[in-house]
Amino acid sequence: MSGKMSLRTKKALCLVIIGIVMNLALALGKLFVGLSVNSLCILLDSTNGFFDTLTGIVAAVAFGLVALAPTEKFPYGFGRSEYLAGFVVAVAAAVMGGTFLMESLNRLTMPEPVWYGLQSTVLLSVSIVVKLSFSFVVTFCNRKLCSKALRAIALDGFLDVGITTATLVSFTLSARLSYAIDSFFGIAISIVVLVYSVKMIVDTVRTLIGTNETKEEKDAIVALCKEEPVIDELNDVRLHDYGYRAKFGVVYVVFSPNSTEAEKAAAIDRITTRLKDETGAAVEIVSVKKLTE
């Protein structure tokens with residue numbers, strides 16, 4: 001929140017930049033191969049790579065915004081831009097899946113020959129290994145970074161591995177069959193991509209509107225309040241999500257009638273300090289009267 005790029009943001013940005021360079025290189029290689037052998041699946045796989053490059057740039061911009069200091073118009077910072085980046089990645093995957101489906105249906109009605117080449121097979125195989133390794137690295141790193149954008153990028157990466165694997169199988173079979181079987185593989189792949197991308201869109205929309213995204217912080221508040229003997233009842237918790245470790249809100253509690261002001265102040269200080277250290281959430285604790293039954 002200070003405007004200084006955190007270690008978490010630096011690591012996430014580093015992963016995104018590596019992904020951009022990798023996706024661009026793979027997309028250019030697949031484009032060359034696809035044009036050389038006239039394979040629809042390879043060309044669409046290449047298009048997917050260019051989409052991933054663009055979404056990677058969007059994610060990089062989002063992580064850059066996260067590091068900006070809060071302003072008068074944005075007093076809680078720009079942490080939610082990370083959620084928006086995850087949404088863009090999901091939408092791009094859906095667009096790619098829809099395009100893939102339309103082109104595959106078109107090729108099904110007007111099949112064209114595919115020319116098999118060993119170099120093309122090797123390139124596709126290498127791209128599978130590279131993308132799979134990158135997706136596992138992002139997934140592993142995201143266990144600590146807890147980024148919705150990186151989660152979407154990792155999931156998209158695993159989808160890309162499936163697409164390229166199916167493309168490789170399709171490319172090999174199409175060269176041995178009289179009918180362009182890559183159109184059938186294209187239809188199957190596009191349906192899978194559409195299903196997963198819609199799921200990603202729903203998940204990111206839920207995050208953007210704040211559905212159940214503060215459960216961890218609320219659970220921590222409940223646990224901390226139970227540890228305080230001067231608190232008789234936790235009346236209500238209202239939290240607003242402004243990004244990773246940037247939740248703000250108000251907690252309404254009922255203090256014991258026998259507790260002193262000093263004891264109340266000490267309990268409030270303990271809860272707010274521990275909550276900030278453990279979850280990053282900042283709350284105001286308000287004392288309310290217990291409702292009469």
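Start with the whole chain and its contacts, a contact being heavy atoms within 4.5 Å. Among contacts between residues at least 6 apart in sequence, 74% join residues at least 24 apart. This is a predicted model, in which local features need pLDDT of at least 70 and side-chain atom pairs count only at pLDDT 80 or more, while totals for chains, interfaces and linings use all residues. Residues are numbered from 1 along each chain as its sequence is written, and side-chain values use heavy atoms, with hydrogens and water left out.

Now colour by secondary structure. The chain has eight helices and three strands; helices (H or I, at least four residues) and strands (E, at least two) are DSSP runs, numbered from the N terminus. In sequence order the pattern is α-α-α-α-α-α-α-β-β-α-β.

Show the surface next. The chain exposes about 15,100 Å², and carbon and sulfur atoms supply 66% of it; such areas come from the Shrake-Rupley method with a 1.4 Å probe, and for residues only the protein chains shown count as cover. Of the 293 residues, 45% count as buried. Buried means under 20% relative accessible area, exposed over 50%, and partly exposed in between (1.4 Å probe, protein chains only).

Select Val16, which is found in helix 1. Is Val16 buried or exposed? Val16 counts as buried because its relative accessibility is 4%. Leaving out residues up to four places away in sequence, Val16 touches Gly56, Ala59, Ala60, Phe63, Leu150 and Ile153.

Select helix 1 (7-37), helix 2 (40-66), helix 4 (118-145) and helix 5 (148-174): each supplies at least two residues of the lining. By class, the lining of the largest cavity has five nonpolar residues (Ala, Val, Leu, Ile, Met, Phe, Trp, Tyr, Cys and Pro), four charged (Asp, Glu, Lys and Arg) and six polar (the others, Gly among them).

Stay on helix 5 and pick Thr165. Thr165 has 34% relative accessibility, so it counts as partly exposed. Thr165 and Ile128 are 37 residues apart in sequence and 6.9 Å apart in space, C-alpha to C-alpha.

Turn to the cysteines. How many disulfides are there? The count is zero, a disulfide being a pair of cysteine sulfur atoms within 2.5 Å. For Cys14, the nearest cysteine sulfur, that of Cys141, is 9.0 Å away. Cys14 is partly exposed at 43%, whereas Cys225 is buried at 4%.

End at Pro229, in the loop between helix 7 (215-226) and strand 1 (231-241). Pro229 counts as exposed because its relative accessibility is 69%. Glu263 is 34 residues from Pro229 along the chain, with 9.8 Å between their C-alpha atoms.
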